[in-house]
Each structure stands twice: as structure tokens, then as C-alpha cells.
Amino acid sequence: AATAAAALAFLSRESRARAGGIGGLRVPAPVTMDSFFFGCELSGRTRSFTFKVEEEDDAEHVLALTMLCLTEGAKDECNVVEVVARNHDHQEIAVPVANLKLSCQPMLSLDDFQLQPPVTFRLKSGSGPVRITGRHQIVTISNDVSEEEESEEEDSEEEEAELCPVLPAKKQGGRP
């Protein structure tokens with residue numbers, strides 16, 4: 001019985017180590033999510049703006065656009081804004097996302113339109129100024145395990161190894 005208990009304790013530790021978690025379940029790595037305000041302005045002087053991140057960064061970056069609007073000094077003309085980004089085949093494509101005119105549509109809500117950097121915004125026609133706003137979201141998955149977490153896992157493994165194995169219940173003779 002002692003040999004069976006030792007074998008079960010060993011197998012339990014092995015399956016936990018192979019699965020990367022406790023009791024055969026994987027424990028997800030800690031995730032950090034940050035969100036920062038984003039804004040740029042396109043005009044006759046600044047006709048394009050490129051949003052990019054460092055390539056060696058391991059985090060996931062998303063640019064969530066919320067609104068495009070004409071700002072003070074805009075003329076009553078068509079202001080076409082296009083986005084240049086990569087599609088699912090990693091090919092660069094240019095897509096117009098807004099046609100703003102002071103007298104009929106001075107702003108456009110994009111409802112968190114999400115893009116993967118690098119992204120270039122271009123003022124294709126008109127003189128602006130057009131303000132683009134949104135959020136830069138950064139998701140970081142940490143694979144580092146702190147020393148405290150490692151010592152807690154070792155302690156729980158030792159406690160599990162000390163537990164007695166479950167024995168089958170004895171049958172009681174006096175019941176019909």
C-alpha cells in the first residue's frame with residue numbers, strides 16, 4: 001500500500017509538471033492590459049501620420065479608433081481620410097474610412113474600430129484639419145514566475161505527498 005501511495009504521489013507530481021499547472025490543469029500566465037489615449041491631426045501641412053510600435057516588443061498592440069472630426073479652421077470641403085494597413089495576407093492596403101464636410105458631416109464615430117500597427121492615416125483630399133482619436137491598447141503576457149509562486153507550488157506539492165491514500169469503505173454487515 002505504501003508503494004502504491006508513493007507511486008500515485010509521483011504520478012501526480014509528474015502530471016502537474018508536464019501540464020504546467022496544479023492537478024493537471026494549466027495555469028494561465030499573468031496578463032497585463034494597458035490603455036493609453038491616442039490622437040493625431042491631419043491637415044494641409046501634415047497630410048499623413050504613421051502609428052507604429054517597436055518590433056522587438058513582445059506585447060500585443062491594438063489601435064482602437066473612436067472618432068474622426070473636423071476641428072477649428074476647417075473649410076466646407078470634402079476631407080477624405082484613408083487608412084493604410086495590412087490585411088490578413090500581410091499585404092498593404094489603403095481604405096477610405098471617412099468623408100467629412102463641415103456643412104453636413106463634421107464628425108464620424110468609429111466605435112472602437114480596431115487596427116494592428118503599423119497604421120498610416122492619410123488626408124487624401126481636403127485641407128482639414130481632421131482630428132483622429134482613439135486608444136492604444138497593450139496586452140502583455142508574462143511568462144516569468146516569481147520566487148514566491150515557485151515556493152508556494154513546492155509547499156503544496158509537499159503537502160499533497162504527505163496525504164494518505166483514499167482507502168475503500170468497509171462493508172457493514174448488519175444492513176439488509
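Predicted model: local features only at pLDDT ≥ 70, side-chain atom pairs only at ≥ 80, totals over all residues.
Along the sequence the elements follow the pattern α-β-β-β-β-β-β-β-β-β-β-α. Of the 176 residues of the chain, 24% count as buried; buried means under 20% relative accessible area, exposed over 50%, and partly exposed in between, with a 1.4 Å probe and protein chains only.

Residues are numbered from 1 along each chain as its sequence is written.

### The four-stranded sheet

Four strands form an open sheet in the order E3-E10-E5-E8, with antiparallel pairing; two strands pair if DSSP finds at least two bridges between them. Strand E3 (31-42) and strand E8 (107-115) stand at the edges with a single partner strand each, so one side of each is left without a neighbour in the sheet. Neighbouring strands of this sheet are turned by 15° against each other on average, direction ignored; the axes are lines fitted to C-alpha atoms, and angles run from 0 to 180 degrees between N-to-C directions.

The pairings are set out below.

| Strand pair | Sense | Bridges |
|---|---|---|
| E3 and E10 | antiparallel | twelve bridges |
| E5 and E10 | antiparallel | ten bridges |
| E5 and E8 | antiparallel | six bridges |

Individual residues show how the strands meet. Ile132 in E10 is the bridge partner of Cys40, and Leu68 also stands opposite Ile132. Leu63 has Leu115 in E8 as its bridge partner. Strand E5 (residues 60-70) is mostly covered, with eight of its eleven residues buried.

Within strand E8 lies Asp111, whose phi is near 50°, a positive value in a residue other than glycine. Asp111 has a relative accessible area of 67% and is therefore exposed. Asp112, also in strand E8, has a positive phi of about 60° although it is not a glycine. At 30% relative accessibility, Asp112 counts as partly exposed.

A cis peptide bond joins Pro117 and Pro118, with omega of about 5°, and Pro118 lies in the loop between E8 and E9. Another cis peptide bond joins Gly128 and Pro129, with omega of about -5°; Pro129 is placed in the loop between E9 and E10.

Thr120 is found in strand E9 (residues 119-125) and, at 16% relative accessibility, counts as buried. Its side chain makes a polar contact of 2.9 Å with the side chain of Thr50; such a contact is a pair of N or O atoms within 3.5 Å, and within protein one must be able to donate a hydrogen and the other to accept it, while residues adjacent in sequence count only if both atoms are side-chain atoms. Phe49, in strand E4 (residues 48-51), is partly exposed at 30% relative accessibility. Phe49 and Phe121 are 72 residues apart in sequence and 5.3 Å apart in space, C-alpha to C-alpha.

Key:
Heavy atoms only, no water. Helix = DSSP H or I, 4+ residues; strand = E, 2+ residues; numbered from the N terminus.
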